[in-house]
Each structure stands twice: as C-alpha cells, then as structure tokens.
Amino acid sequence: MSATFRSHWGLDPEVTFLNHGSFGACPTEVLRHQADLRARMESEPVRFLHREIEPLLDAARHALGAFLDADGDDLGFVTNATTGVNTVLRSLRFEPGDELLTTDHEYNASRNALDFAASRWGARVVVATLPWPVASKQELVDAVLARVTPRTRLLLIDHVSSQTALIMPVPELVRALRERGVETLVDGAHAPGMLPLSLRSLGAGYYTGNCHKWLCAPKGAAFLHVRRDLQPGIKPLAISHGLNATRTDRSQFRLDFDWTGTHDPSAFLCVPEAVRVMGGMLPGGWPAVMASNHAKALAARAMLCERLGVAPHCPDELVGSMATVALPPGTEALNPLGLDPLHVQLFERYRIEVPVVPWPRAPQRHIRVSAQLYNTMADYQRLAEALEALLR
Ligand SMILES: Cc1ncc(COP(=O)(O)O)c(C=O)c1O
C-alpha cells in the first residue's frame, strides 16, 4: 500500500486491503472530526439534538448537494443505500400486473426489496439478462430496453454493480425510460466519490447513494435524492414528528426526513469533512482522486488478466474504481458464509482482503479488486503471486 496515502487511514498494516468497495474505509482525520462531534453531542445532548442539529444538517446536506450537483433540499440523509432503496420501494404503490424492471446484476439486498414490494402489490419483477462478458455500453442499454413494456412502472438499476463492478449506462436508461413515462430508482451505492455525478442533469426520479464507500465518510452516511415532483409520494421508513408539523418554512419532504427518531447523526455531519479531506489528497482535487483510482483499477486489471491469461470482462469505459478478473472455476463448495475457499485462503494465508465472487453462478467465479489512494501496484502484484500459488 502507498506509504504516502496509507498514513491517512488506520488500516491494519498486516493486511493488503483490496476491498474498499464493500464497506469503504474512513480516513483518520474524518474519524477525529466525528469523535469531536460525538463529544459535543454527549456534553449536552438536548442542546445538540434539539437546538443545534437543524442548521448542522442543513449545512451537511447543502455541502453534499454541491458535491452531487443537486439541490440540497432534495436530499434526505439515510444510513445506507439499502435504506434508500427500501424507502422508495415501500412508499410506492403498484397495481396487480405492474412490471418492476431490474437486471440480473442487481445487488441481492436491493433485489429482495424489489421482490418484497412486488409481492405486496401483486406486481411482477421482470429481470433483464445482461450480456457477460460485455462488449459495449450499447449492449447493456439494449438488453434493458428490450424488456420495457406498457406495464413497466419502474426500473431499479445499480449505478455500479456490486458483483460485476460494471458502470451501468444510467443516464441513457433514465432518459429512455422517462420518454416512455417510466421512473428509475438508481442504486448508486458505489457511485459518489467513484464517478463524477450531476443528479440535476441526470433527472432520475429516485437516486440513493452511499457516502461511506468511495466518498470515505464514516459508516452510516448515505442519501436519498427524490426529484421534487415525486417528493409527496415518498416517506421515510420511520414516520416521526414531521408528519403533522405545522411549519411552513421548509418542505414536507424536509420535515419528514430531517428527523426520524433519536440516532447518532455524526456520520451525516461528517460528509462535508470527508469531501474536504479526500478532495485535498491530490492537487487536482476530487476529479484527480477519481481519475487516479480509475487508472489504478485499469492497470491492476490489465496486469492480473495478463498474469492469469484471461481477457477483460468489459471495455475500459465501463470500469470505475473496481474491476473484476475471471478465475478458473472453483472445485470446492462455498463455506456456510457463502465464501469461496479461495477467498478464505487469500486472507488466512496471505492476509489479502479481496472478494472472490461466484459469478454468474458457482463454480464460475471472478475476483473483484478495488483501487483507492492507499493502494499501489505492489498490492495487486502480491495478489497475482498469491493467486498463481493457490491456483497451481
Ligand atoms: C450496488 C449496491 N447496492 C447496495 C449496497 C448496499 O450498501 P449498504 O450496505 O451501504 O446499504 C451495495 C453494497 O455493496 C451495493 O454494492
């Protein structure tokens, strides 16, 4: 790992950490800010949570809005993308026979939320099968649009898929579906901090994203953006004081989302600090951070493909800061946690933290590497050597 950047994180020096994608990793400077906020909260909880919280949350939402090119008033903080997806799917009403469209690359938890919503209303989940490997962005667009019918009511799509690390053609799909009168719920769990975003120009009905992954905020920081015309139809999972508030100085959406019961809001409040700290790590700011991580993911992928003698799964333009590389099929059963024995061996024998993903289904599998500022090519070389030894 890069000694220059590594010193900003408290990552275990014994571990080669190639899985920023699963849960992120928060720089120590941001965690210190969170500790200060928590100390301030606990020194006078009522002052903090009752009288001071509103302007603090407003400032954090507006800083996040500036980062996402969105109006901060159209954002609600939630604790993770799972909650963002559920908030939308459990607010919407469907008719029997309505079709809820998604892809076979959708994240399992979000797919479960879609199945749950569909079964509640008698709607039907329609799954577009995407090509794998994939030759072009257009192939992905075509595969999804081929499954749109007059009964399609919603598209749920990852902005960056979890298991295949593909950047999905979200702007193209949002536009094409809006032309057909269909809204899109974008599961952007990985996108903020990995891809440049403009939620304003994207125009998606619903967009949820994590701040605790690639934006490097503390865990428990995420957002839900709802286009203004759709906000009356969306309620947080926890109804609280906002529902019957008589205030007229802020929207019902704001009143509903800004207080959902007592919890520790320090992760939300650290988002501006995470934007500042990460954006300050390279002279070119955030565009340079994203470009550097992208270049490293591509270089790691090229090296691993060469060492393993395999072709890349997709064109470079569909890669962000994570990449997958094909592995020979597994020969042993997954363990009770669903982990491939190779995944376990990489950690136990080599102290390399990297997911081995059974995809499209076991025994087929690939490895997914993440690239964050603290990673260096030497990390991926270690992985290549370990794989060569374990797969021999
Ligand atoms: C595409 C996608 N959606 C949703 C999630 C869930 O994120 P969280 O656990 O923060 O809700 C993940 C996590 O990796 C993901 O990759």
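**Backbone geometry and ligand site**

Just after α13, G309 takes a positive phi of about 70°, where helices (H or I, at least four residues) and strands (E, at least two) are DSSP runs numbered from the N terminus. The model is predicted, so that local features need pLDDT of at least 70 and side-chain atom pairs count only at pLDDT 80 or more, while totals for chains, interfaces and linings use all residues. Residues are numbered from 1 along each chain as its sequence is written, and side-chain values use heavy atoms, with hydrogens and water left out.

**Helix and backbone**

- Helix α13 (residues 285-308) has 24 residues and should span 34 Å at 1.5 Å a residue, which agrees with its end C-alpha atoms being 34 Å apart; the expected span is 1.5 Å times one less than the number of residues.
- W132 and P133 are joined by a cis peptide bond with omega about 0°, and P133 lies in the loop between β4 (124-128) and α7 (137-145).
- A cis peptide bond also joins W359 and P360, with omega about -5°, and P360 is placed in the loop between β11 (356-357) and β12 (365-370).
- A165, in the loop between β5 (152-158) and α8 (170-179), has a positive phi near 55°.
- Most residues other than glycine have a negative phi, and most peptide bonds are trans.

**Ligand**

- Of the 13 residues around the ligand (a heavy atom within 4 Å), those that come nearest are T82, D187, H190, H212 and K213.
- An oxygen atom of the ligand is 2.5 Å from an N or O atom in the side chain of T82, and an oxygen atom of the ligand is 2.7 Å from an N or O atom in the side chain of K213.

Note on methods
A polar contact is a pair of N or O atoms within 3.5 Å; within protein, one must be able to donate a hydrogen and the other to accept it, and residues adjacent in sequence count only if both atoms are side-chain atoms.
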